[in-house]
Amino acid sequence: MSDPHIQIRNLTMAYGSRVIQQDLDFDINRGDIFVIMGGSGCGKSTLLKHMLGLLQPRQGDILYNNESFVNASPKQQDSMRQRWGITYQSGGLFSAMTLAENVNLPLQLYTSYSDADRADIIAYKLALVGLAGYQEYYPSEISGGMRKRAALARAIALEPEILFFDEPSAGLDPISSCLLDDLIEQLHDSTGATVVMVTHELPSIFGIATNSVYLDASSKTMIAYGDPKQLRDHSDQPVVRQFLARESGSLQEEQV
Ligand SMILES: Nc1ncnc2c1ncn2[C@@H]1O[C@H](COP(=O)(O)OP(=O)(O)OP(=O)(O)O)[C@@H](O)[C@H]1O
């Protein structure tokens, strides 16, 4: 049975007078690994920024647990945000801080745990992402894949009920990218969090996504919604089938 965790209702997004996407209307169910997909420049990151409250919609609403996020007070929005873990494309770690200090940030901001308890939580979260013992390392001292995992440790510091990822494997080689997908899936399975991910990586889309939406740049709206494997084989939109059936890396997204 469907259990909507996030509801996108009649959403129109624009920069100035330029509409990027309109009439978006879909649900993300609790426990989904949900992928926002589409060709380059169609508005995937813009949608994510609206979901995070970094941009205001031109029209429509975004609801979390049946509560409007768009119309919530800044204080209510802040308390909703505390239930989310966010990792950005660049990782977003503070380079002048050790991994422990990075993971500590949300704990210090939003909890009243003692120093000793926070140290235990930091060690546990780093271990969960395969970085046990790396507390005192600086981001510049570890690999790109490890930095992404450290950012994930920070994102899960507060036991989020939703995890947001913008192009999680951007800049990673295929093996590190696959390991990161495995980790996202493991964390999803062990925490039951809903995962929302912007990606155009087919291995991630077919490997871990349970549901998806396809944003179309030319019609400026969603033209497909559902399990990506089903969409690849049965979508009534040729552009969607083509996007999902392309050989990884062999087709420029602008062509689809
Ligand atoms: N701050 C901004 N001001 C004006 N236009 C913007 C801004 N940010 C993005 N755009 C435009 O909005 C459109 C959608 O951009 P967005 O980054 O959301 O697309 P995307 O699907 O995430 O693209 P990609 O896959 O290439 O990362 C693009 O045409 C982009 O140039």
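I started with Asn65, which counts as partly exposed because it has 14 C-beta neighbours inside 10 Å. The scale I used calls a residue buried if 20 or more other C-beta atoms lie within 10 Å of its own, exposed if 12 or fewer, and partly exposed in between, with C-beta atoms placed from the backbone. Asn65 sits in the loop between strand 4 and strand 5. Its phi is near 50 degrees, a positive value in a residue other than glycine. Most residues other than glycine have a negative phi. I then found that Asn10 has a positive phi too, about 50 degrees, although it is not a glycine. Asn10 belongs to strand 1, and it counts as exposed because it has 12 C-beta neighbours inside 10 Å.

**Ground rules.** I noted that residues are numbered from 1 along each chain as its sequence is written. This is a predicted model, so I kept in mind that local features need pLDDT of at least 70, that side-chain atom pairs count only at pLDDT 80 or more, and that totals for chains, interfaces and linings use all residues. Helices (H or I, at least four residues) and strands (E, at least two) are DSSP runs, numbered from the N terminus.

In which order do the four strands of the open sheet run? I read 2-1-4-5, with antiparallel pairing; two strands pair if DSSP finds at least two bridges between them. Strand 2 (18–29) and strand 5 (67–68) stand at the edges, each with a single partner strand, so one side of each lacks a neighbour in the sheet. Strand 4 (residues 59–64) pairs with strand 5 over two bridges, and Tyr64 stands opposite Glu67 in strand 5. Strand 1 and strand 2 pair over eight bridges, and there Leu11 has Leu24 of strand 2 as its bridge partner. These two strands form a hairpin with two residues between them, and Gly16 in the turn has a positive phi of about 60 degrees.

I traced a second open sheet in the order 6-7-8-3-9-10, with mixed pairing. Strand 6 (84–87) and strand 10 (221–226) are at the edges with a single partner strand each, so one side of each is left without a neighbour in the sheet. Strand 6 and strand 7 (residues 162–166) pair in the parallel sense over four bridges; Thr87 has Phe165 in strand 7 as its bridge partner.

**The ligand shell.** Which residues are around the ligand? I listed Tyr15, Ile20, Gly38, Ser40, Gly41, Cys42, Gly43, Lys44, Ser45 and Thr46, near meaning a C-beta atom, placed from the backbone, within 6 Å of it. Helix 1 (residues 44–51) gives the most to this shell, with three residues.

I found Val129 in the loop between helix 4 (115–128) and helix 5 (144–155). Val129 counts as buried because it has 24 C-beta neighbours inside 10 Å. Not counting residues up to four places away in sequence, Val129 touches Arg149, Ala150, Leu152, Ala153 and Leu183; contact means C-beta atoms, placed from the backbone, within 7 Å. On the same terms, Val195 touches Ile33, Phe34, Leu163, Ile184 and His188.

How values were computed:
Two residues are in contact if their C-beta atoms, placed from the backbone, lie within 7 Å.
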